[in-house]
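Please look through the sequence and the three-dimensional structure shown here.

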Amino acid sequence: MKIENLEGWGLGLKKPLVIAGPCSAETEEQLLDTCQQIKELGITVTRAGVWKPRTRPNNFEGIGTDALKWAQTVKKETGMYFSTEVGNPKHVEEALKHDIDILWIGARSTVNPFTVQEIAESLRGTDIPVLVKNPINPDLALWIGALERISNVGITKLGAIHRGFSSFQQTRFRNLPMWQIAIELKNQLPQIPLICDPSHICGSREIIFEVSQKAIDLDYDGLMIETHRDPDNAWSDAKQQVTPTSLGNILKNLKYRKPTSEDIEFITHLEELREQIDHLDKDLYETIAARMKIVDEIGFYKKRNNVTVFQKNRWKEISESRKEWAEKLNLNPDFMAELFKVIHDASIRRQEYIMNNPLEKVQ
Ligand code: PEP
Ligand code: MN
């Protein structure tokens with residue numbers, strides 16, 4: 001796939017790219033006022049949904065083409081670039097006619113190869129930047145497939161938006177981030193600009209900062225954050241939108257760390273520390289090996305004396321003492337409990353093997 005980096009899009013963009021604007025364009029005044037406030041923060045790309053794919057009917061489904069005229073006003077008044085979602089070739093045609101600068105394909109469209117192919121065909125011959133959101137289901141191949149379909153018609157200004165994945169599970173996220181999928185996308189397509197959409201991952205504005213910071217720490221190329229002048233009264237996604245002032249605070253407080261450093265002192269010290277980690281890991285492995293040896297010995301001993309592998313009282317005693325040790329050593333007791341359970345389960349499995357196999361040998 002031939003993919004341009006952000007600098008090659010010809011819009012003066014660079015990493016980290018911030019795209020901010022309301023979930024939906026509601027009125028011309030709401031859109032313009034919101035964008036003007038966002039512009040004050042030095043942000044050059046705005047967003048607003050004009051056609052809204054809603055989960056259930058009879059909700060606000062967007063203003064449609066009329067709102068694209070408001071987008072033109074925003075562009076003229078603020079000088080910002082405008083991005084919007086397209087869900088079919090008609091949307092693409094209207095968006096292009098109204099000088100929209102960046103298009104994105106929503107999560108509900110990315111799941112459908114017919115839809116993506118139709119959108120792709122309607123983009124043939126243009127070189128507008130296109131961002132592809134991850135599909136709602138955690139399927140990396142489907143996400144990459146959608147990017148390939150857009151790439152195949154000659155679009156090179158291509159980016160990916162990570163907006164999380166649907167789940168029946170109730171969690172603190174509206175859509176599970178499943179970071180490993182986005183990281184794997186970046187491994188497979190290292191040149192693709194990867195943008196995080198914390199708004200749709202979180203579903204509530206309180207955790208947007210935390211998720212944005214995580215994306216920055218994972219070296220994402222940008223963020224798309226839903227921003228509204230009056231989020232509580234927004235016509236869609238009210239809980240997750242932030243005010244332009246909050247957006248300013250989020251951006252101000254984000255910490256940018258370098259992926260690496262050329263500094264020789266830094267490199268030497270890091271090597272020393274990593275050597276210490278290697279030694280400690282070796283000790284850890286040797287300790288586990290020694291522990292397993294004793295576990296086996298106990299297994300044989302129990303077998304000879306016809307005693308059960310698992311003894312409730314012993315487990316209770318073990319959990320309590322280990323919890324105390326974790327606290328004393330300033331280790332997170334939940335993490336240690338989880339780690340210890342894995343070790344204990346493996347020990348039980350070894351003893352079960354000893355009990356049920358004739359040879360006094362463990363595998
Ligand atoms: C949106 O960006 O407002 C939107 C509808 O997003 P998604 O496709 O991620 O649900
Ligand atoms: Mn939204």
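At 35% relative accessibility, proline 16 counts as partly exposed, and in this model, which is a predicted one, the residue is found in the segment before S1. The peptide bond that joins lysine 15 to proline 16 is cis, with an omega of about -5°. Leaving aside residues up to four places away in sequence, proline 16 touches Asp221, Gly222 and Tyr256. Proline 16 and lysine 316, by contrast, are separated by 300 residues in sequence and by 51 Å in space, taken from C-alpha to C-alpha.

Asparagine 58, whose place is in the loop between strand S2 (45-47) and H2, has a positive phi of about 70° although it is not a glycine. Asparagine 58 counts as exposed because its relative accessibility is 80%, and the cut-off for that class is over 50%. Methionine 178 also has a positive phi in a residue other than glycine, here near 40°, and its place is in the loop between strand S6 (158-162) and helix H7 (179-188). With a relative accessibility of 28%, methionine 178 counts as partly exposed.

Threonine 78 is found in helix H2, which comprises residues 65-78. Is threonine 78 buried or exposed? Its relative accessibility is 8%, so threonine 78 counts as buried, given that buried means under 20%. Not counting residues up to four places away in sequence, threonine 78 touches Leu32, Cys35, Gln36 and Lys39, while its side chain reaches the backbone nitrogen of methionine 80 at 3.0 Å.

The metal site comes next. Which protein residues are donors of the manganese ion, ligand 2? They are Cys23 through SG, His200 through NE2, Glu226 through OE and Asp237 through OD, and these donors lie 2.1 to 2.4 Å from the ion. Along the chain, the donors of this manganese ion follow the spacing C-x176-H-x25-E-x10-D. Distant parts of the chain are thus linked by the pair of cysteine 23 and aspartate 237, which are 214 residues apart: cysteine 23 is in the loop between strand S1 (17-21) and helix H1 (28-39), and aspartate 237 is in the loop between strand S8 (222-226) and helix H10 (244-253). Cysteine 23 is buried, with a relative accessible area of 2%, and aspartate 237 is buried as well, with a relative accessible area of 17%.

An oxygen atom of ligand 1 is 2.8 Å from an N or O atom in the side chain of lysine 133, and an oxygen atom of the ligand is 3.1 Å from an N or O atom in the side chain of glutamate 226.

Definitions and conventions:
Residues numbered from 1 in each chain as written. Chains lettered and ligands numbered in written order. Heavy atoms only, no water. Donors = N, O, S within 2.8 Å, 3.2 Å for Na, K, Ca; no water. Helix = DSSP H or I, 4+ residues; strand = E, 2+ residues; numbered from the N terminus. Buried < 20%, exposed > 50% of the residue type's maximum accessible area, 1.4 Å probe, protein only. Polar contact = N/O pair within 3.5 Å; in protein donor to acceptor, adjacent residues only side chain to side chain. Contact = heavy atoms within 4.5 Å.
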